[in-house]
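Student: Please take one part of this model and go through it closely. I would like the side-chain packing and then the chain contact, with the cut-offs stated.

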Amino acid sequence: MAAVQDGPMELDAEKETKPEILSDGTSNLSGNTASGTLSSSPLTAAPAGGAPKMEDQQTLIAVLQFLKRNKLSESVEILRREAGLGEHQEDSQATDGSGGGKGDGDGGDANSLLSRVFITSAAAPQSMLVKKDQPDVSVVLSAYSQQGDPPLYQVYYSGLKNFIESVLDCHRAELSQLFYPLFVHMYLELVYNNHETKAKAFFDKFSGDQECYYQDDLRILCGLTKKEHLKGNEVLLDFRTSRFVLRISRDSYQLLKRHLQERHNNQIWNIIQEHLYIDIFDGMPRSKSQIDSMSGSLAGEARREVNKAKVFYGLLKEPEIEVPLDDEDDEAENEEGKPKKKKTKKDSLGSKSKKQDPNAPQQNRIPLPELKDSDKLDKIMYMKESTKRIRLGPENLPSICFYTFLNAFQGLTAVDFTDDSSLLAGGFADSTVRVWSVTPKKLRKVKSTAELNVIDKESDDVLERIMDEKTASESKILHGHSGPVYGVSFSPDRNYLLSSSEDGTVRLWSLQTFTCLVGYKGHNYPVWDTQFSPFGYYFVSGGHDRVARLWATDHYQPLRIFAGHLADVTCTQFHPNSNYVATGSTDRTVRLWDVLNGNCVRILTGHKGPIHSLAFSPNGKFLASGSTDGRVLLWDIGHGLMIGELKGHTDTIYALKFSRDGEILASGSMDNTVRLWDSMKAFDEVETDDFTATTGHIHLPDNSQELLLGMYHSKSTPVTHLHFTRRNLLLAAGAYNSQ
Amino acid sequence: MASPKTVPKDAQVMMQILKDMGITEYDPRVINQMLEFTYRYVTTIIEDAKIYSTHAKKSNVDADDIRLAIQCRVDQSFTSPPPRDFLLDIARQKNQTPLPLIKPYTGPRLPPDRYCLTAPNYRLKSLQKKVSSSAGRITVPRLSVGAVSSRPSTPTLGTPSVQTVGTKVGTPVSLTGQRFTVQIPSSQAASVKSATPTTPTVQNVLINPSLIGSKNILITTNMVSQNSSSDSTSLKRKHEDEDEYDAL
């Protein structure tokens, strides 16, 4: 930070013509340097290594950026002209330096900006313009070239620990959030600067103090002792570039700042400014339990403004379809009554949809395929079935039918049911996909062309005649992938099946010929999950490369790339209105993405382990997520808040499903149980007043026991998938585990 | 698990590594798999390093060679996904284009054929040569049979359509020719075999009686479409085949 002082002094010497503008800059900067640490100047060491001319350049560019930020455009022009700088140089520096602002004021920005700029100059003086992979990595890693004295790291950390323990109770919980990110950053700095033994000593001394839910990360860190190890681990690299977000109340923050600024040679303040983003809110400090419920993710919590974008969580209007008159055979009413009844049914649907739900997206917000005749027939079937639906509730629990895969030898990796529950698909570790017929009707494929030539094309049952009865069977095997199949998904019109595999491709299979139609290549790494949109045509896939992609069946390249997660995307789910995609990841966050423009509209933190299952409620307002820590978290999408926590499972939850009307949430896990939860009650109890809406701090009642309606054990079969039929019968699937 | 005393040192080291990484439950064969992997990896690296050091004309392999070997291998086998800023960059580019409109009523919505896997992945060899050779064979029996030469010319069978069965396309022609002659004396013979002894030329047919059946089916398919009423003297077998066909 001392280098900051050097900068303006040089400029003063050079640019006497513009003293007033620069003095503004200087006063701001010097104001902060007084508050900042005048530590053993690590930064001067860096630029001193480079050529002095380069240093001047960098300084000039940094000042230019600062002036631009403060909208002093005239001075920018004048300075640029005098210094003879080109546009492009500034732009590259701008992109380097725009690493997010701080909630604390512009001076902080300039500091971090300048420090980043100087670091860039030390690392890569030539490559200012091009953002290649290698220079980026080294730029990121060189963020650790600011060294404090290695043995003193322990002293700093212990000092902070003592301070925090001596603070008032109400502030202690909040300030304890600092421990983990500081610990990790300090450890990585030591490793990067090749102080291996000291890093190990530091780790051993302080790793035991960290929260229990960070233990997995710490174990990974423990294995990283050399600089070379850092280079290959992109999850940790992302951890470094993204700023760990902490939410601290203003009072606690003032305490911390005062303490750290009293000590001048404190490395900790540097790290906080570099790598942490402190989201300050006004109000009561949070309690430990509140903090615990929200923290756990790899990037800390989410900033408040990230969750403020408007999300259209309403459902799209149902198209009006004429329900045919000649259906209900068990109604022996008078004929005149029947047409009238049907008409009123149509009108009631129509009247609901005449008023535009303010929370629903426009019909044409994203292009959706129009309904074909077969789709309309499907919809009519759907409406007929839904009239026969059982109303579920705490007194009326669903029956559960479990489909056990025998002799699967623990190779079952993915399961899906069609919406009308007629077909079941399983993806296996031997890279096959098998489709079974759940109903007595067998699976038929279309005849070969030679045979098709000779059938009577004019006959009424031509659609039956084209199917080959000779090879009809209960199940069909689809070969094609070259790695375990981790995700399967049926299309809503039952014509297609998608499967995603470890070989990096997503394959589209036809369920009429039982052959593979397309292989979508884009992820070059295992694809962990895929799902069709509720209207067909679009599908989403998420994989090891930390992005989720949106595809359409008739484009061989993805339409949208949802990048932002810090670690693998393990679970993808469409919203019922097909305008949003939710992704759960190994970085312990759930993100909601907008299909229209690819933006991340919600970041939901709170899980303590990788997330493996997601489910939207049928009304589109709520999202449930389950992870390896055995908890199901309920989220209100509109506000971006956590509204419920369902504890009870003891192992990873791989299956979550809401009943057809949203009254019951079923969860299935590796602990061989299916649990039913009262979601109606959980959502009713949400009280959102202004404070919670703005700050996102809800005190969650610990009512998991009351919400649990039933727990059903299977005989050593983990539950891989759950599905509610249209009449609210619960189907479950899993592979028998004989151990 | 074998007791630590009897387990070789390498395996003990591997068990310790697994314990340090926090893995407590594993199949016993995992240790063997890990050891195999380790051996293969280390051997590959050391071999590469030896090559580099001889290239640099050094007498011994030293740490730099090893480091170089590791680096080269890492780029090949242990690739890692692209870094985050790169992904954010391409995501930003990709997400700028608006979603394409969907064309109505176009049948199955699939990418252009080039990107699909729907094309046939086999190609049939052309049968020009074989037809001529078998035609050569036909002529011999034909001559001996005599008057039937007109009939066999009904290979409006169109040899291309018959290709899918096999190579001996020509022979069916001769067989039908044969059959007509055979039929005249005895009628409705249940099988050609019984009728064949009457003519010496039918010996050709006898050689591979199994072929007769399949060829008959072929012939009838095309004959049916072209001259359905042709064979008043058709074999019972032919009828059988036709009946069989209709039942399919």
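Tutor: A:Ile272 is in contact (heavy atoms within 4.5 Å) with A:Leu178, A:Leu182, A:Leu256, A:Leu260 and A:Ile278, leaving out residues up to four places away in sequence. This is a predicted model, in which local features need pLDDT of at least 70 and side-chain atom pairs count only at pLDDT 80 or more, while totals for chains, interfaces and linings use all residues. Residues are numbered from 1 along each chain as its sequence is written, chains are lettered from A and ligands numbered from 1 in the order written, and side-chain values use heavy atoms, without hydrogens and water.

A:Ile272 belongs to the largest nonpolar core, which has 47 residues; together with A:Phe202 and A:Leu221, A:Ile272 touches the most other members. Such a core is a set of buried Ala, Val, Leu, Ile, Met, Phe, Trp, Tyr and Cys residues joined through side-chain atoms within 4.5 Å, where buried means under 20% relative accessible area (1.4 Å probe, protein chains only). Helix α11 of chain A, residues 179-192, gives the most to this core, 11 residues; helices are DSSP runs of H or I, at least four residues, numbered from the N terminus. Another core, of 19 residues, lies apart from it and includes A:Val311 and A:Leu623.

As for the chain contact, 34 residues of chain B and 49 residues of chain A take part. One salt bridge is counted between these chains: the side chains of B:Arg109 and A:Glu370 meet at 3.7 Å, N to O. The cut-off is a side-chain nitrogen of Lys or Arg within 4 Å of a carboxyl oxygen of Asp or Glu.

Definitions and conventions:
Buried < 20%, exposed > 50% of the residue type's maximum accessible area, 1.4 Å probe, protein only. Helix = DSSP H or I, 4+ residues; strand = E, 2+ residues; numbered from the N terminus.
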